[in-house]
Amino acid sequence: MELNLDREGFLRELNDWNNDVAITLASNEGIALSDDHWEIINLVRNYYDQYQISPVTRVLVKLVREQSGEAKGNSIHLMQLFSGKPAKLVSKIAGLPKPLNCD
């Protein structure tokens, strides 16, 4: 699948995103998406739809905690799913812009 990506691997056009694109973007990062990944991806996409911004790390942790409980709403769980910088990586896989505080 050929995707129109920027130099960091983010989609240039948000409307190009679909589940197959997410699977490809995740695969590019060495991630096989599980139900737990999809839960976070869908939360982040819903957040973006509501606020027109990708959540930064602190907001992402709070969002997941509110929607999915304490066991999943913590940095450790998110780093296990989306290593490195979870907010940046989940936004990339979700087809959204890079969060503002990510380099």
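A search of the whole structure, which is a predicted model, finds one aromatic pair. The partners are Tyr47 and Tyr51, in a tilted arrangement with 4.6 Å from centre to centre and 45 degrees between the planes. Helix α2, which holds both tyrosines, also packs against helix α3 and helix α5.

**The aromatic pair**

- Tyr47 and Tyr51 are four residues apart in helix α2, about one turn of the helix.
- Tyr47 has a relative accessible area of 17% and is therefore buried, since buried means under 20%.
- Tyr51 has a relative accessibility of 46% and so counts as partly exposed, a class that lies between the cut-offs of 20% and 50%.
- Tyr47 is also one of the α2 residues that meet α3.

**Packing of α2 with α3**

- Helix α2 covers residues 35–51 and helix α3 covers residues 57–68.
- Their axes are 11 Å apart, and the packing angle is about 110 degrees.
- The two helices are therefore roughly perpendicular to each other, as angles of 65 to 115 degrees count as such.
- The crossing of α2 and α3 is right-handed.
- On the α2 side the contact is made by Glu39, Ile40, Leu43, Val44 and Tyr47.
- On the α3 side the contact is made by Val59, Leu60, Leu63, Val64, Gln67 and Ser68.
- Sorted by class, the contact of α2 with α3 has eight nonpolar, two polar and one charged residues.

**Packing of α2 with α5**

- Helices α2 and α5 pack with their axes 9 Å apart, at an angle of about 85 degrees.
- This pair is therefore also roughly perpendicular.
- Ile40, Ile41 and Val44 of α2 meet Val90, Ser91 and Ile93 of α5.
- By class, the contact of α2 with α5 has five nonpolar residues, one polar residue and no charged residues.
- Ile40 and Val44 are among the α2 residues that meet α5, and both are also among those that meet α3.

- Helix α5 spans residues 86–93, and eight of its eight residues are buried, so the helix is largely enclosed by the rest of the structure.
- The buried residues are Pro86, Ala87, Lys88, Leu89, Val90, Ser91, Lys92 and Ile93; the lysines Lys88 and Lys92 are included in this list.
- Gly95 follows α5 and has a positive phi, near 75 degrees.

**Val64 in helix α3**

- Val64 lies in helix α3 and is buried, with a relative accessible area of 0%.
- Apart from residues up to four places away in sequence, Val64 touches Ile40, Leu43, Gly69, Lys72, Gly73 and Leu78.
- Val64 and Asn74 are ten residues apart in sequence, and their C-alpha atoms are 7.8 Å apart in space.

**Trp38 in helix α2**

- Trp38 is placed in helix α2 and, at 19% relative accessibility, counts as buried.
- Beyond its neighbours within four places in sequence, Trp38 is in contact with Trp17, Asn19, Ala22, Ile23 and Leu33.
- The C-alpha atoms of Trp38 and Ala22 are separated by 9.4 Å, with the residues 16 apart along the chain.

**His77 in helix α4**

- His77 is found in helix α4 and counts as buried, at 12% relative accessibility.
- Residues up to four places away in sequence aside, His77 touches Asp36, Ala71 and Lys72.

**Gln52, between α2 and α3**

- Gln52 sits in the loop between α2 and α3.
- Gln52 is not a glycine, yet its phi is positive, at about 60 degrees.
- With a relative accessible area of 53%, Gln52 is exposed.

**Arg12, before α1**

- Arg12 lies in the segment that comes before α1 (19–28).
- Leaving out residues up to four places away in sequence, Arg12 touches Asn4, Leu5, Asp6 and Arg7.
- Arg12 and Val56 are 44 residues apart along the chain, and their C-alpha atoms are separated by 19 Å.

Definitions and conventions
Residues numbered from 1 in each chain as written. Predicted model: local features only at pLDDT ≥ 70, side-chain atom pairs only at ≥ 80, totals over all residues. Heavy atoms only, no water. Axes fitted to C-alpha atoms, helices over the stretch in contact; angles between N-to-C directions. Parallel < 35°, antiparallel > 145°, perpendicular 65-115°, else oblique. Left-handed = near helix turned anticlockwise from the far one by under 90°. Contact = heavy atoms within 4.5 Å. Nonpolar A, V, L, I, M, F, W, Y, C, P; charged D, E, K, R; others polar. Phe/Tyr/Trp six-rings, centres within 6.5 Å; stacked < 30°, edge-to-face > 60°. Buried < 20%, exposed > 50% of the residue type's maximum accessible area, 1.4 Å probe, protein only.
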